Amino acid sequence: MSNEFDHDAVAADAARDGGRDAAWQDDVRAGVRHVRDLDALPLSAGERAAAVQAAANHKVRAPKSYLDLIDWNDPDDPIRAQVIPSPDELVETDGELDDPIGDHAYSPVPRLTHRHADRVLLFPTYQCAVYCRFCFRKESLTAIGRGYTRAALEPPLDYIASHTEIREVILTGGDPLSLPDKALEEIRARIEAIAHVRLLRIHTRVPVALPARVTPGLVAALQGRLMVTVVTHFNHAREITPATEAACRTLRQAGFVLLNQSVLLKGVNDSVEALEELCRELMYQLGVKPYYLHHGDLTRGMAHRRTTIAEGQALVAALRKRLSGICNPTYVIDLPDGGGKVPLSACQAEPKGDGFWRIRGLDGQERDYRESVDES
Ligand code: SF4
């Protein structure tokens, strides 16, 4: 049975349900959905031509409410940098990869990656509510591009059922929350019917870029036996608005655990002030725990948005002095070839032997620390 979905199909589906979700449908329709919609944006002719060329490598899409956050008078606007194609994307740099974190090498069946024993990535769709220029999966989104079909998920669901070591299923993509409620409910029900699965994780930009899509129907589709963790993807404090606040409140009140992962992006959030405001407001305003700050992946055409690791380490060292532990994310690199996420924070402790350590405090001063343990 063919059961492909795209945004038009999602909207049609919701309309059949009585049009309850009109707000987010209007937001999608009034935004950029195709390259030709770039014509409506206040770009210069040169910028538009470059954007069209860059969009050939990675689709372009952004809801209107997200585009409305852009200050079009600022060519370096941090929201614009995330969604408007740039000619810099056409510059490929040595070492960049089509599959920067090794998804394909760890994919035993299509639409599933099994890199760590207790968890898998499941790709119910390769479509998103917004296409982020820095996305490390952009080549899969472009090459595969397909939405949800029931038939396509049978092999990965069979795989999960036959691997009893799997406890967490991570819906990623593509953006799983760009699917219709009915599809989400069906996927959730199929996963929770597998007894050894304990946790459902949703990795999504929808609460950031299309917050009106977080409706009671969407929440109900995800509620069931499984503990649910929603991992949002805010990269800048300007993305925190009354609408995103309402979306996160709805998800929290549903009993879901909310975490955020950001990508460190040059020209978007690579200053202590930008990261401090982002992490503080995530926790204090949205109730979302800053979880990971990712070093920029080796995505093709993204050299202009990557910092060096040393720059990232200096930023997170400064952040540790300014923010409480609960507001501090862990700075990680997702290693190519499937090496996993590795913390990059500079080590503050050096063994000196005989139970002594030299440890640097938050004030920058080094102190001796003597361990005291019962060795009997
Ligand atoms: S929403 Fe996520 S998967 Fe989709 S383009 Fe953005 S970062 Fe990539």
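## A walk through the chain

Strands here are DSSP runs of E with at least two residues, helices are runs of H or I with at least four residues, and both are numbered from the N terminus. Two strands count as paired if DSSP finds at least two bridges between them. A hairpin of two residues links β1 to β2, and Thr113 has Leu121 in β2 as its bridge partner.

Before going on, note that this is a predicted model: local features need pLDDT of at least 70, side-chain atom pairs count only at pLDDT 80 or more, and totals for chains, interfaces and linings use all residues. Residues are numbered from 1 along each chain as its sequence is written.

Now step back to the whole chain, which has 13 helices and 12 strands. Along its principal axes, the C-alpha trace spans about 70 × 55 × 40 Å. The chain is divided into domain 1 (7–343) and domain 2 (348–376), with bounds from an automatic or database domain assignment. The C-alpha centres of domain 1 and domain 2 are 40 Å apart.

Next, look at helix α12 (residues 272–286). Its 15 residues reach 20 Å from first C-alpha to last, close to the 21 Å expected at 1.5 Å a residue; the expected span is 1.5 Å times one less than the number of residues. Which residues of α12 are buried? They are Leu275, Leu278, Cys279, Leu282 and Leu286. Buried means that 20 or more other C-beta atoms, placed from the backbone, lie within 10 Å of the residue's own. In the chain, 38% of the 376 residues count as buried. The buried residues of α12 pack against α11 (242–253), β6 (257–263), β7 (289–294) and α13 (309–322), where a contact needs C-beta atoms, placed from the backbone, within 7 Å. Just after α12, Gly287 takes a positive phi of about 70°.

Finally, find the open sheet of three strands, in the order β10-β11-β12, with antiparallel pairing. Its edge strands are β10 (349–353) and β12 (366–370), each pairing on one side only. Strands of a sheet pair through backbone hydrogen bonds, either parallel or antiparallel. Four bridges join β10 to strand β11 (residues 356–360), and Glu350 stands opposite Arg358 in β11.

Terms used
Buried ≥ 20, exposed ≤ 12 C-beta atoms within 10 Å, placed from the backbone. Contact = placed C-beta atoms within 7 Å.
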